[in-house]
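Please keep the sequence and the model open while reading.

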Amino acid sequence: YLALLRRNASESDIATITSALKNGKTREQIIKEVIASSEFKDIASDMGILIVRDGWVQQGDSWYLYRNGSKLTGWYRENGYRYYLNPAKGGAREVGWEYVDGYKLYFNYDGQLVQDVEYLVGKQDSYFIKVYKPANYVIIFAKDGNNGYTIPVKAMICSCGNPTPTGDYYTPNKFRWLTMVGGSKAQWCTQILGDYLFHSVPYRIQDNSTLYTDLMYNLLGTTQSLGCIRLRAGDAKWIYDNCSLGTHVNIDPNATSGPFDKPAFEPLPSWHTWDPTDPTASYLCAQHGCH
């Protein structure tokens, strides 16, 4: 206080700082709050010093982001994480559940958008599946009461094809294994319309250790199929297990992004002829020590 405010700390100041330290605030955070105070600004102004805020600043119980003294609002991305600086709350960083852009989203304690909330919402009675065809990924949505399917649950990377139909469909059938065009086999198939399905990346034969690794799996996230929607085995199984017959599917021909990002993807080496997300092939990863 002597160095920054040119006075001794009052009993009230000492009590506030002591309480803050007991509740987990650091010395650096407390100093930043003193520097952000109007009292320090007045002293700096008298000395001809302009205080320009930059970076994350805590004010009360909320965090704000400044750039060159200006408070930012809206979506912000940093180190791979997405934050929402709510304009309706003066740019305060969102934490917990919040409605943003028509979706109900969840932000963790650090304000980072959580892009898989299955563990929070649990298994639902029904889902809505949206396919972002040009971007080759899928988002699963849960129902938010009377608000409709506005809770994005998880995103899945996929490979659509130029012939993939667009529009709205309701899943009529499921098949554990099916023969694809050319005789290849696919697991956990959920029919969308006619010969168009969600399914795993194909295998040479009905054997989960015969994955088309370089020819198909490593091309996930790009337009490759003959019309079906190829998924990682674990994702195809998730749809197969959790989305009942009659699930609404929308395949959008124009949308390239949704409330969740397109998942990152790591290709497999050529010798890895099974899908690491396939629970029936996990023993192979255990044997090789790869995943």
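## Charges over rings

The charged end of Lys-130 lies over the ring of Tyr-132, at 5.4 Å from the ring centre. A second case involves Lys-174, whose charged end sits over the ring of Tyr-240, 5.7 Å from its centre. The model is predicted, and these values are computed from it.

## Aromatic pairs

There are 14 aromatic pairs in the structure. One of them joins Trp-56 and Tyr-76 in an edge-to-face arrangement, with 6.1 Å from centre to centre and 75 degrees between the planes. The pair links distant parts of the chain, since Trp-56 belongs to strand E1 (residues 55-59) and Tyr-76 to strand E4 (residues 74-78), 20 residues apart. Trp-56 has 19% relative accessibility and counts as buried, because the cut-off for buried is under 20%. Tyr-76, at 17% relative accessibility, also counts as buried.

The rings of Tyr-217 and Phe-265 have centres 5.4 Å apart and planes at 50 degrees, so this pair is tilted. Tyr-217 is in the loop between E15 and strand E16 (229-231), and Phe-265 is in the loop between strand E17 (248-252) and helix H7 (282-288), so the pair ties together parts 48 residues apart in sequence. Tyr-217 is buried, with 3% relative accessibility, whereas Phe-265, with 23% relative accessibility, is partly exposed. Elsewhere, one aromatic cluster is formed by Tyr-103, Phe-128, Phe-141 and Tyr-149.

## The largest pocket

The volume of the largest pocket is about 390 Å³. Its lining has 13 residues, of which Gln-58, Asp-61, Ser-62, Trp-63 and Tyr-109 are the closest to the centre. Strand E2 (62-67) and strand E6 (92-93) each contribute at least two lining residues. Sorted by class, the lining of the largest pocket consists of 5 charged, 4 polar and 4 nonpolar residues.

## The second largest pocket

The second largest pocket holds about 310 Å³ of space. It is lined by 17 residues, and those closest to its centre are Met-180, Val-181, His-199, Leu-226 and Cys-228. At least two lining residues come from each of strand E13 (174-179) and strand E15 (196-200). E15 provides the largest share of this lining, with 3 residues. The lining of the second largest pocket divides into 9 nonpolar, 6 polar and 2 charged residues.

The loop between E13 and strand E14 (185-193) contains Gly-183. With a relative accessible area of 35%, Gly-183 is partly exposed. Gly-183 and Leu-219 are 36 residues apart along the chain, and their C-alpha atoms are separated by 20 Å.

Does the length of helix H2 agree or disagree with what its residue count predicts? At 1.5 Å a residue, the 12 residues of H2 (residues 11-22) should span 16 Å, and the end C-alpha atoms are 17 Å apart, which agrees. The expected span is 1.5 Å times one less than the number of residues. Just after H2, Gly-24 has a positive phi of about 105 degrees.

Helix H3 (residues 27-36) includes Ile-31. Ile-31 counts as partly exposed because its relative accessibility is 31%. From C-alpha to C-alpha, Ile-31 and Tyr-1 are 9.2 Å apart in space, while 30 residues separate them in sequence.

Conventions: Residues numbered from 1 in each chain as written. Predicted model: local features only at pLDDT ≥ 70, side-chain atom pairs only at ≥ 80, totals over all residues. Heavy atoms only, no water. Helix = DSSP H or I, 4+ residues; strand = E, 2+ residues; numbered from the N terminus. Buried < 20%, exposed > 50% of the residue type's maximum accessible area, 1.4 Å probe, protein only. 1 Å grid on protein atoms, 1.4 Å probe; cavity = no way out; pocket = protein on both sides within 12 Å on 5 of 7 lines; lining within 4 Å. Points joined across faces, edges and corners; volume = space filled by probe spheres on them. Nonpolar A, V, L, I, M, F, W, Y, C, P; charged D, E, K, R; others polar. Phe/Tyr/Trp six-rings, centres within 6.5 Å; stacked < 30°, edge-to-face > 60°. Lys NZ or Arg CZ within 6 Å of the ring centre and 35° of its normal.
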